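Dear colleague,

Please find the structure below, followed by a short account of what was found in it.

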Amino acid sequence: MKTLYTAVATTEGGRTGHVSTDDKAIDTPLSVPKGMGGDGGKYTNPEQLFAAGYSACYGSALQVIAEKHKVDLGNFSVTAHVDFGKTEEGDFQLAVVLDSYLPGLDVETGETLVNEAHEICPYSRATRDNIDVTLNLLLDE
């Protein structure tokens, strides 16, 4: 792999600690959500950060694929839902649902874009065969 960019983040204290990037673009305390036994504090958590990164990366992959197909995405959005849970064996596990809102497109075109974006998105490639990822296409009625 030819490296184009390296992101660097350091967390001190785990889920109840503090995370910062080397350039301080992210510099924030962390807290544990109530659903995971925490106090549900006002700070972010690793799953929110993962959801933000995945939705942004997948959105960019959609743009690349749309350009390839000469499709105007208009005012589109991607929402990532990251679930944190346990397997039957008691191991921690993630699952993701990606909702792609592609207004003005027909179902066939939208499905093509969503599926092809999933093939090239680095987050999708990294998680493939490791976690369940569900792709949802949301269109105007």
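**Findings**

Among contacts in the protein (heavy atoms within 4.5 Å) between residues at least 6 apart in sequence, 49% join residues at least 24 apart. This is a predicted model, in which local features need pLDDT of at least 70 and side-chain atom pairs count only at pLDDT 80 or more, while totals for chains, interfaces and linings use all residues. Residues are numbered from 1 along each chain as its sequence is written, and side-chain values use heavy atoms, with hydrogens and water left out.

The protein has three helices and six strands, taken as DSSP runs (helices H or I, at least four residues; strands E, at least two; numbered from the N terminus). Their order along the sequence is β-β-β-α-β-β-α-α-β. Of the 141 residues, 30% are buried (under 20% relative accessible area; exposed is over 50% and partly exposed in between, with a 1.4 Å probe and protein chains only).

The whole structure holds four aromatic pairs (rings of Phe, Tyr and Trp, the last by its six-membered ring, with centres within 6.5 Å; planes under 30 degrees apart are stacked, over 60 edge-to-face and the rest tilted). One of them joins Phe50 and Tyr54 edge-to-face, at 5.8 Å centre to centre and 70° between the planes. Both residues lie in helix H1 (residues 46–68), four residues apart, about one turn of the helix. Phe50 is partly exposed at 22% relative accessibility, whereas Tyr54 is buried at 0%. Together with Tyr123, Phe50 and Tyr54 form one aromatic cluster.

Yours sincerely
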